[in-house]
Amino acid sequence: MNGPGPDAAVELAITSSGTRVSVAARDPDGRVVVQSAPAARGEADVAGLAARVVAELGARPSQVAAIAVDRGPGSYTGLRVALTFARTIAAFRGARLRACTSVELHAAGAWRAARVPTDKAL
């Protein structure tokens, strides 16, 4: 599989508020890859998951231009690890950082899946 071009921006999404830590990457063509691991007992390595999804797209870590991270509610330790990782990448790589709550993610998902009326505000 060909990866995105050398200047293409890759986006990451990270959630660690539940029983699993999941990291997804999306390239400019809309291809998405996801990796996850159990959150219990430190089995999830956010940096390792992020490296794998970026590589699976055929991209390089330097192409990560944006990171979206779930800020809870959830496991205090899991959230701190994910937020610290995201903030570090944003600070040192210049990636855009966006955060939202897991409740907002569920609401947006329900709205997109037409499980709530589209004429109603969230």
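This is a predicted model: local features need pLDDT of at least 70, side-chain atom pairs count only at pLDDT 80 or more; totals for chains, interfaces and linings use all residues.
1. Overall fold. The chain contains three helices and five strands. In sequence order these elements give the pattern β-β-β-α-β-α-β-α. Of the 122 residues, 35% count as buried. Where contacts link residues at least 6 apart in sequence, 56% of them join residues at least 24 apart.

2. The five strands make up an open sheet with mixed pairing, and their order is 3-2-1-4-5. Strand 3 and strand 5 (96-100) are the edge strands, each pairing on one side only. From one strand to the next, the twist averages 15°. Strands of a sheet pair through backbone hydrogen bonds, in either a parallel or an antiparallel manner.

3. Strands 4 and 5. Strand 4 and strand 5 run parallel and are joined by five bridges. Ala 68 has Arg 98 of strand 5 as its bridge partner.

4. Helix 1 and its cover. Helix 1 spans residues 46-56, and its buried residues are Val 46, Gly 48, Leu 49, Ala 50, Val 53 and Val 54. An α-helix has 3.6 residues a turn, so residues three or four places apart point the same way. The cover over the buried residues of helix 1 includes strand 1, strand 2, strand 3 (32-38), strand 4 (64-70) and helix 2 (76-93).

5. Ends of helix 1. The N-terminal end of helix 1 is capped by Asp 45, which places a side-chain oxygen 3.3 Å from the backbone nitrogen of Ala 47. After helix 1 comes Gly 58, with a positive phi near 85°.

6. Ser 17 is found in the loop between strand 1 (10-15) and strand 2 (20-26). Is Ser 17 buried or exposed? Its relative accessibility is 17%, so Ser 17 counts as buried, the cut-off being under 20%. The side chain of Ser 17 makes a polar contact of 2.6 Å with that of Asp 70. Beyond its neighbours within four places in sequence, Ser 17 is in contact with Asp 70, Gly 72, Pro 73, Gly 74, Ser 75, Leu 79 and Ser 102. Two of these partners, Gly 72 and Pro 73, are joined by a cis peptide bond with omega about 5°. Pro 73 itself belongs to the loop between strand 4 and helix 2.

7. Ser 62. This residue, Ser 62, sits in the loop between helix 1 and strand 4. Ser 62 counts as partly exposed because its relative accessibility is 44%.

8. The largest pocket. Rolling a probe the size of a water molecule over the atoms shows where empty space is left. The largest pocket holds about 570 Å³ of space. Two or more lining residues come from each of strand 1, strand 2, strand 3, strand 4, strand 5 and helix 3 (102-112).

Technical notes: Residues are numbered from 1 along each chain as its sequence is written. Side-chain values use heavy atoms; hydrogens and water are left out. Helices (H or I, at least four residues) and strands (E, at least two) are DSSP runs, numbered from the N terminus. Buried means under 20% relative accessible area, exposed over 50%, partly exposed in between (1.4 Å probe, protein chains only). A polar contact is a pair of N or O atoms within 3.5 Å; within protein, one must be able to donate a hydrogen and the other to accept it, and residues adjacent in sequence count only if both atoms are side-chain atoms. Contact means heavy atoms within 4.5 Å. Two strands pair if DSSP finds at least two bridges between them. Axes are lines fitted to C-alpha atoms, for helices over the stretch in contact, and angles run from 0 to 180 degrees between N-to-C directions. On a 1 Å grid over the protein atoms alone, a cavity is a set of points where a 1.4 Å probe fits but cannot get out, and a pocket is an open set with protein on both sides within 12 Å along at least five of seven lines; lining residues have an atom within 4 Å of a point. Grid points are joined across faces, edges and corners, and a volume is the space filled by probe spheres set on the points.
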